[in-house]
Amino acid sequence: MTVAVESAVARLERVSYWYPNQDEPSLRAVDLEIGPGLTLIAGDSGGGKSTLLRIFDGLVPQFHGGRVSGRAQVTGLDPFRTPIPRLAQRAGLVFQDVETQSVYGSVEREIAFGLENLGVARAEMHDRVDEAMTALGIEGLRARRLATLSGGERQRVALAAVLVLRPALVALDEPTSQLDPEGAAAVLAACRGLAAEGRAVVVAEHRLETLAPAADRVVIVEGGRVRSGVDGRLPPARVAHARPPRVNGELAWEMRGVAAGPAGPAREPVLHDVSLAGGRGEVVALFGPNGSGKTTLLRTLAGLLPPLAGTVRRPAGRTAYLPQNPGALLHLPTVREEVALTLRRALSAESPEAMLAAFGLARLAERYPRDLSSGERQRAALAATLAGSPALVLLDEPTRGMDLAARRSLAATVEALTAAGAAVVLATHDTELAAELADRTIEVRGGRATEPAGGATPPAATRPTATPTAHPPLGVGTR
Amino acid sequence: MNVPRAASHRALAPRAWLVWSLAAVTVALVTDNPVYRGLVALVALNVLLTWLPPWRRLRPLAVAVTLAAALAALINLLASHTGADVIARLPDGLPLVGGPLTLESLAFGGALGLGLVAALLAVAPLSLVLEPHDVVDAMPASLERTGIAVATSLNLVSGFGRTFTEVRDAQRMRGWKPGGLRSWNEVLVPVVVTAIEDSVRLAEAMEARAFGAGRRTSYADSGFGRRETVVVAAALAAAALFVGLRAGGAPMDWYPYPTLSAPPINPFLVLGCLGLALPALPLPALAPHEPRGRAK
């Protein structure tokens, strides 16, 4: 099926693409036209979204190698043959992980990098950097160092660094997957602004709820094929799952008056006087802006950071911890071996197959985990983390890059674990997941944890029937 | 006019920093006289402390230079059995290290270590004071690509420590315990693979932003003012003095064997070393010029 628009900035005709040493194509006979305005690319993780975006600026196949068939043009240039530096002035790509695409350390110079590469005169560079910063409302960041920026600010700087080349088409690969709602809103507003100016803006995203209403068109990419999503068949954003009642209200973990932060005498604590507790079978969701202390709280609860003050209690048994970066876990040749290692270490007699099936990884079980898409990699890391019946489960941004099916798998697995008595604490920007799974939500801001008034329970529509917890004050907050 | 914070911390033009560092390293390595090496180390430390940005940590460098110096001294003490003043003796049967340990070999090892300390402190501003883009600006046009490679390496190095902590913590939570060398595979493999993946991603991102298109231009001007001229002149003079005297066979080295003796001191060479301290001196007439980034 051809997804067509009236005035195409980019056009793909029967494009198929095979990565090097792969028998199966990652894109299959794709017919697609991209016009001015906002195009949303949705679809399952591993379906080919990132590959499709890389076609526009020639990185596929020119950087990645492999084999391509079909025809393509981007603003009249053939992206399969035109040198990438030339294409960069027509089509820009903001990659998924902004931290690994920065060349310089300061905002202004980072934005100017592409212009320096093109040999643009200094005076013109200054004007164009100004123009890009103004377009994204980041003039105030000019003199800042990248390391001091929030996730949303950093994403907009990465966008400015592409925009400064004045491309007709700007593609963004899951720009909000690591952002808090405020940062995500700022980035998406910037995308809408660019689209309103008449630029072709293509955004690959799993978090559709905010962006879909503003999109001029939706393209769904699944199994390497594209289809139009304008017929209203957008995947539902909400995880539809009913949560069974909790097992009991026995206290599982507790933090009392905890201050914590990186080691070293000169370091200020990140967490200040945090007192929290959670019960067996209970799911507690932490939310708050990037850099507020959620990860530090999880690491302290995991025992990875000794508290500078206060006490931490964990339940007997294994504590499972999923870090933000799934790559930190995965090092074995296959996904199956990753799960098996955790089971072996946990002295569990379970077979890896159940956990692989739970996360839809059966067909990927023999694949090298690091060859997987970001969403698939996240699922592999989750399977390797949650195997072996942990007593305490700590998840840091567990739905990063995950599609709806994977989120459902996560929800089901968490429910199975809590039904068996595990206590779960998850830090997430995914409000849908928190609403679906959490018995209590706790806001972490500026290193302090508070239970919002009326926010102790998720929305009624998704709230399970729950047995009141017996333990005293599972209350939360700072003293 | 607001001065960009990132730029104001380096005060000197990047190319002046590069020349200063190379000259200081030359002085530190062209002689093994501990007096000159010690002077260069002190001067370089003073310059570094003067311009170290608040967000940079000195501790890793301090640990590295201390270890390097201690190791050099220890190795020479254990491996060189020359010298008249025996301070201890290891059994002759011990391979390599067996035999007398002398005061002279300890002193010479200390001088070697001091040379390493001076050289490391001399190049430290390139990574601790300058930003990655400054390193690119400091390179001659023909070496711009090398500069980019250095700059990106510096970025990746900073992420390396973070990745190591992440991986070690993640594996610990899966039950990994540090044991023999093989046990570290579970940590080192993901760390190395992550570093490679990050490098490939960065290369891809750079190419997508037209890296390699042809002749580059720079967003910043060269920024050479009076202060840079004076600093560079003093640094080059110091290096030239040491190299010239070395070529001319003037006595500047120190050899403590067979018995310990005081190192020779040439006042001109001392002055040359002190000339390297100019970047740390508050000279109103040579006030830093306006930073090269644009400020609004």
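Tutor: Two residues are in contact if their C-beta atoms, placed from the backbone, lie within 7 Å. Before we use that, remember that this is a predicted model, where local features need pLDDT of at least 70 and side-chain atom pairs pLDDT 80 or more, while totals for chains, interfaces and linings use all residues. Residues are numbered from 1 along each chain as its sequence is written, with chains lettered from A and ligands numbered from 1 in the order in which they are written.

Student: Okay, what makes α3 and α5 of chain B neighbours?

Tutor: Their contacts do. Residues of α3(B), including B:Pro34, B:Ala41, B:Leu48 and B:Trp51, meet residues of α5(B), among them B:Gly110, B:Leu114, B:Leu121 and B:Leu128. Sorted by class, this contact has 17 nonpolar, three polar and one charged residues. Here Ala, Val, Leu, Ile, Met, Phe, Trp, Tyr, Cys and Pro count as nonpolar, Asp, Glu, Lys and Arg as charged, and the others, Gly among them, as polar.

Student: Which hand does the crossing of α3(B) and α5(B) have?

Tutor: Left-handed. That word applies if the near helix is turned anticlockwise from the far one by less than a right angle; clockwise would be right-handed.

Student: Over to chain A. What makes β14 and β15 a pair?

Tutor: Two strands pair if DSSP finds at least two bridges between them. β14(A) and β15 (residues 392-396) of chain A have four bridges, in the parallel sense. Along that pairing, A:Thr319 stands opposite A:Leu392, and A:Tyr321 faces A:Leu394. Helix α12 (residues 374-386) of chain A packs on the sheet here, touching β14 and β15, and its direction makes about 170° with that of β14(A).

Student: What about β15(A) and β16(A)?

Tutor: Five bridges join β15(A) to β16(A), and these strands run parallel too. A:Leu395 sits opposite A:Leu426 there.

Student: Why is β14 called an edge strand?

Tutor: Look at the whole sheet: six strands of chain A, open, in the order β14-β15-β16-β12-β17-β18, with mixed pairing. β14 (319-322) and β18 (448-450) each pair on one side only, and that makes them the edges. Neighbouring strands are turned by 20° against each other on average, direction ignored.

Student: How do you know that β15(A) is largely enclosed?

Tutor: A residue is buried if 20 or more other C-beta atoms lie within 10 Å of its own (12 or fewer is exposed, in between is partly exposed). Five of the five residues of β15(A) pass, so the rest of the structure largely encloses this strand. A:Leu392, A:Leu394 and A:Asp396 point one way, while A:Val393 and A:Leu395 point the other. Across the 479 residues of chain A, 56% count as buried.

Student: Last one: what makes up the contact between the chains?

Tutor: Chain A brings 54 residues and chain B brings 46. On chain A's side, α4(A) gives the most, with seven residues. That side has 28 nonpolar, 14 polar and 12 charged residues.

Notes: Helices (H or I, at least four residues) and strands (E, at least two) are DSSP runs, numbered from the N terminus. Axes are lines fitted to C-alpha atoms, for helices over the stretch in contact, and angles run from 0 to 180 degrees between N-to-C directions.
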